[in-house]
Amino acid sequence: MTPDPCCEPVFACQMCGDCCRGYGGTYVTESDIQAIADYLHEDPKRFKSKYCQLSGSRYVLAQAGNGYCIFWDKLCRIHPVKPRMCRNWPYLSAVLEDIANWRAMGNSCPGIRTDFPDDVICRAVARQIEKRRNARLDDEMTSDPESGE
Ligand code: SF4
Ligand code: SF4
């Protein structure tokens with residue numbers, strides 16, 4: 001899912017695109033849909049019919065004929081607005097709930113290092129989740145007209 005390059009030793013994306021291939025993985029929320037549709041200058045409804053499929057009651061990004069996400073072309077074509085799920089990978093709270101998830105994810109993602117002790121991995125993942133949370137709070141502050149900024 002071509003995450004941003006990151007200095008954490010527990011993960012370094014190899015840009016292989018493996019996580020952008022295969023059906024059903026990439027859920028998109030309504031705010032993801034709105035952001036990507038805006039980026040592509042598409043109407044959100046049209047975006048859904050053109051680029052999404054339903055998985056149960058939830059939307060996922062459609063696959064191209066080659067089995068990759070419809071937005072994959074050696075790189076993510078919507079990188080600045082890619083879905084939250086893609087942005088968060090591999091720093092997921094599920095890893096903090098059960099470190100076995102990190103090791104399972106490592107089976108399909110060559111960027112994930114599994115040769116560190118559990119506590120090192122957990123600290124690195126927790127740090128990234130915290131950074132993300134702080135960045136979100138900063139965004140909310142700067143976009144809040146009541147904040148006086
Ligand atoms: S949106 Fe981008 S990062 Fe996410 S699966 Fe598709 S190509 Fe990969
Ligand atoms: S599978 Fe892992 S290493 Fe490959 S592109 Fe996705 S995040 Fe990067």
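**Close-up views of a predicted model**

View 1. For the protein chain, the average pLDDT is 88, and 89% of the residues score at least 70. Another stretch to view with care is residues 2-7, where the pLDDT is below 50 and the model has ten contacts beyond near neighbours in sequence.

**View 2. Helix 1 and its buried side.** Here we look at helix 1, residues 30-40, whose buried residues are Asp32, Ile33 and Ile36. These three lie on the same side of helix 1 because they cover an arc of only 95 degrees around the axis. Their cover includes helix 2 (44-51), strand 2 (58-61) and helix 3 (84-88). On the face turned away from the buried side, you will find the exposed residues Glu30, Ser31 and Asp38.

View 3. Histidine 41 sits in the loop between helix 1 and helix 2. Its phi is near 55 degrees, a positive value in a residue other than glycine. Histidine 41 is exposed, with 7 other C-beta atoms within 10 Å.

**View 4. Methionine 15, in the segment before helix 1.** Methionine 15 is not a glycine, yet its phi is positive, at about 60 degrees. With 14 other C-beta atoms within 10 Å, methionine 15 is partly exposed.

**View 5. A cis peptide bond between tryptophan 89 and proline 90.** Omega for this bond is about -5 degrees. To find the spot, look in the loop between helix 3 and helix 4 (93-97), where proline 90 lies.

Key
Residues numbered from 1 in each chain as written. Chains lettered and ligands numbered in written order. Predicted model: local features only at pLDDT ≥ 70, side-chain atom pairs only at ≥ 80, totals over all residues. Buried ≥ 20, exposed ≤ 12 C-beta atoms within 10 Å, placed from the backbone. Helix = DSSP H or I, 4+ residues; strand = E, 2+ residues; numbered from the N terminus. Arc of directions from axis to C-beta. Contact = placed C-beta atoms within 7 Å. pLDDT = per-residue confidence, 0-100.
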